[in-house]
Amino acid sequence: MEYISLSYTSLGIAVLFIVSAMAVSFRYRLGLEKDLAVGAVRAFVQLTAIGYVLQLLFVSEKWYYVAIMLAIMLAAAVKNAVARQSVQPKGMFTTLGISIFVGSALTTAVVIGIILRVKPWYSPRYLIPLAGSILGNSMTGAALALNRLRSDITHRKPEVEAALALGATSRQAVMPMIRDALKSAMLPSISSLMVVGIVHLPGMMAGQIIAGAYPVDAVKYQLMVVYMIAAAVAITSMMVVYLATNLFFTPDHMLKIEALGST
Amino acid sequence: MARIEFLSVTKTRSIDGKMYNVLDDVSVAIEEGTILAIGGPSGAGKSTMLRLVNRLESATSGNVLLDGVDVSTIDPIELRRKVGMVFQLPSLFPLTIQENLTYGPRLRGVDPSSLEAKVREVLDMVDLPDLSPGRSAGELSVGQQQRVAIARTLMNEPEVLLMDEPTSALDPTTSKSILKLVCDIKSKYGITVLFVSHSLEHSRLVGDRFLLIVDGKVIEESDIEAFFRGPQTELGRKFLAGELK
Ligand SMILES: Nc1ncnc2c1ncn2[C@@H]1O[C@H](COP(=O)(O)OP(=O)(O)O)[C@@H](O)[C@H]1O
Ligand SMILES: [Mg+2]
């Protein structure tokens with residue numbers, strides 16, 4: 001099946017969409033015209049750049065180029081998860097880095113090696129979009145879990161100290177908060193399992209269909225994707241809450257007040 | 001048996017970027033089975049003193065000894081089972097009374113069904129003999145919650161009890177009954193008690209000895225009645241006259 005290739009001239013017409021959004025902003029004096037313009041240009045530059053990088057990867061088919069690309073994507077995901085934390089104690093980069101790496105790598109390995117059996121395994125056509133989707137969701141889950149855990153420990157500090165004073169280890173003392181943090185990290189991927197296909201057709205599936213895949217094939221892919229995301233989020237956030245105990249407590253089970261912040 | 005001793009204990013903390021001696025060369029001994037009432041203005045370092053005994057915090061220099069052993073060499077989990085702590089707010093877990101009371105033993109792997117007699121005993125001890133252990137802790141009044149919090153600590157059979165203003169969130173009548181309870185616990189179990197209060201009256205009702213601490217420094221340490229009859233220092237007289245806040 002062939003699909004309609006988009007020329008830059010036709011793409012130019014799509015700029016009218018941005019112009020119409022700017023018109024709304026102008027009419028209601030929202031002051032968003034500049035942001036829209038900058039956003040449109042940034043999107044163009046970033047996507048074009050990544051397009052050329054991917055083209056390069058696809059043509060060269062060298063495993064180490066793919067590996068470098070994955071490393072950059074991982075670093076960006078970790079950096080973003082760190083930036084979303086309202087308090088940034090020492091060791092947080094490592095905690096989030098290890099968790100996102102392990103959660104994503106395990107899930108990606110199963111998808112590429114066992115489910116799809118891609119040959120060679122580093123084929124960028126599969127590895128890059130799937131790993132990207134997994135990394136993005138792991139990142140969000142990790143950031144949610146850690147923020148929630150920190151803020152719950154801060155709010156429930158009297159309860160945590162009461163548990164410590166009764167002889168609980170730091171992990172035992174924060175177990176109720178660990179459970180809540182895990183839940184809040186996992187809920188978004190569970191609710192997307194609930195509504196997928198009803199409320200929206202996911203981007204990957206839409207793309208595959210436009211590119212010529214049979215809808216039923218695209219659906220199978222999408223199912224694999226939502227299942228793998230649920231697993232990636234669960235594994236990553238579990239790693240985060242376990243490693244995070246060391247961020248908030250000393251090895252002698254004392255709370256590190258300075259790591260908690262005020263909210 | 002449990003004797004507590006502070007040997008030249010200093011605790012430094014950074015407050016607004018400046019280093020500050022929250023406790024400054026504190027030395028005091030608390031004999032086994034006695035109640036030391038600790039008083040002093042707010043921010044004097046009273047809570048910090050208690051938190052060094054069960055290692056919720058660590059001293060910057062000096063030693064805190066439990067029966068002659070430096071607490072920093074004792075496993076913190078073991079230490080905290082021997083040294084119970086009661087806070088200003090009850091801080092019960094959002095669970096049933098039974099689950100709150102068995103929390104400590106359950107951490108050690110004790111089967112809660114083997115603890116029914118013990119649960120009844122501690123509830124009797126804190127004057128709540130008719131309380132049904134299956135009720136949710138959140139339904140109780142603050143005074144009842146504080147009793148349950150004390151009972152929860154007693155379930156670990158501690159040798160030392162740290163009490164950080166346990167009466168300051170309670171009305172006068174409830175406070176009085178808690179103070180009596182503290183005396184009963186001491187005489188029944190022979191526990192050593194460190195009792196922090198901002199109320200001189202409360203300190204006098206429970207204390208055997210009195211420690212006055214101001215700006216992290218020990219000002220006076222004496223027999224409680226001797227202190228109330230006539231403090232030995234100018235700061236002590238001011239504190240007794242209510243001039244230090
Ligand atoms: N977690 C903390 N972080 C920073 N400073 C603290 C902390 N807890 C207490 N302090 C400071 O340490 C000093 C002593 O506090 P504390 O021992 O709680 O006094 P007290 O119990 O006598 O009122 C005070 O100046 C207080 O502001
Ligand atoms: Mg205090």
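A:Leu36 has a relative accessible area of 23%, so it counts as partly exposed. Keep in mind that this is a predicted model. With that said, let's take it topic by topic.

**Chain A as a whole**
- Chain A has ten helices and zero strands, so its pattern along the sequence is simply α-α-α-α-α-α-α-α-α-α.
- Its C-alpha atoms fill a box of roughly 70 × 55 × 35 Å along the principal axes.
- Of its 263 residues, 36% count as buried.
- Take the contacts in chain A between residues at least 6 apart in sequence: 71% of them join residues at least 24 apart.

**A closer look at A:Leu36**
- You'll find A:Leu36 in helix H2 of chain A, which covers residues 33-60.
- Leaving out residues up to four places away in sequence, A:Leu36 touches A:Ile18, A:Ala21 and A:Met22.
- A:Val19 is 17 residues from A:Leu36 along the chain, and their C-alpha atoms are separated by 8.6 Å.

**Where chains A and B meet**
- On one side 17 residues of chain A are in contact, and on the other 23 residues of chain B.
- The two chains bury about 1,700 Å² between them, with 60% of that on carbon and sulfur atoms.
- In chain A, the residues that lose the most area to chain B are A:Ala165, A:Leu166 and A:Met254, which together make up 37% of what that side buries.
- Two salt bridges cross this interface, and five residue pairs are in polar contact, both residues being at pLDDT 80 or more.
- On the side of chain A that touches chain B, helix H6 (157-165) and helix H7 (170-173) are the elements that give two or more residues.
- H6(A) provides the largest share of that side, seven residues.
- Sorted by type, that side of chain A has nine nonpolar, four polar and four charged residues.

**Salt bridges**
- Over all chains, the structure holds 21 salt bridges.
- One of them joins the side chains of A:Glu161 and B:Arg51, at 2.8 Å from N to O.
- A:Glu161 and B:Arg51 also belong to a network of salt bridges with B:Lys11, B:Arg13 and B:Glu57.
- Within chain A, the side chains of A:Glu159 and A:Arg156 pair up at 3.1 Å, N to O; A:Glu159 is buried at 12% relative accessible area, whereas A:Arg156 is partly exposed at 21%.
- In chain B, B:Glu201 bridges to B:Lys176, with the closest N and O atoms 3.3 Å apart. B:Glu201 sits in helix H8 (residues 200-206) and B:Lys176 in helix H7 (residues 172-189), so the pair ties together parts 25 residues apart in sequence.
- B:Lys180 and B:Asp184 form another salt bridge, at 3.1 Å from N to O. They are four residues apart in helix H7 of chain B, so about one helical turn separates them.

**The ligand**
- Ligand 1 lies between chains A and B, and the residues around it include A:Ile257, B:Pro41 and B:Thr48.
- B:Arg13 has a polar side-chain atom 2.7 Å from an oxygen atom of ligand 1.

Conventions:
Residues numbered from 1 in each chain as written. Chains lettered and ligands numbered in written order. Heavy atoms only, no water. Contact = heavy atoms within 4.5 Å. Buried area = accessible area lost by both parts, 1.4 Å probe. Salt bridge = Lys/Arg side-chain N within 4 Å of Asp/Glu carboxyl O. Polar contact = N/O pair within 3.5 Å; in protein donor to acceptor, adjacent residues only side chain to side chain. Nonpolar A, V, L, I, M, F, W, Y, C, P; charged D, E, K, R; others polar. Buried < 20%, exposed > 50% of the residue type's maximum accessible area, 1.4 Å probe, protein only. Near = heavy atom within 4 Å.
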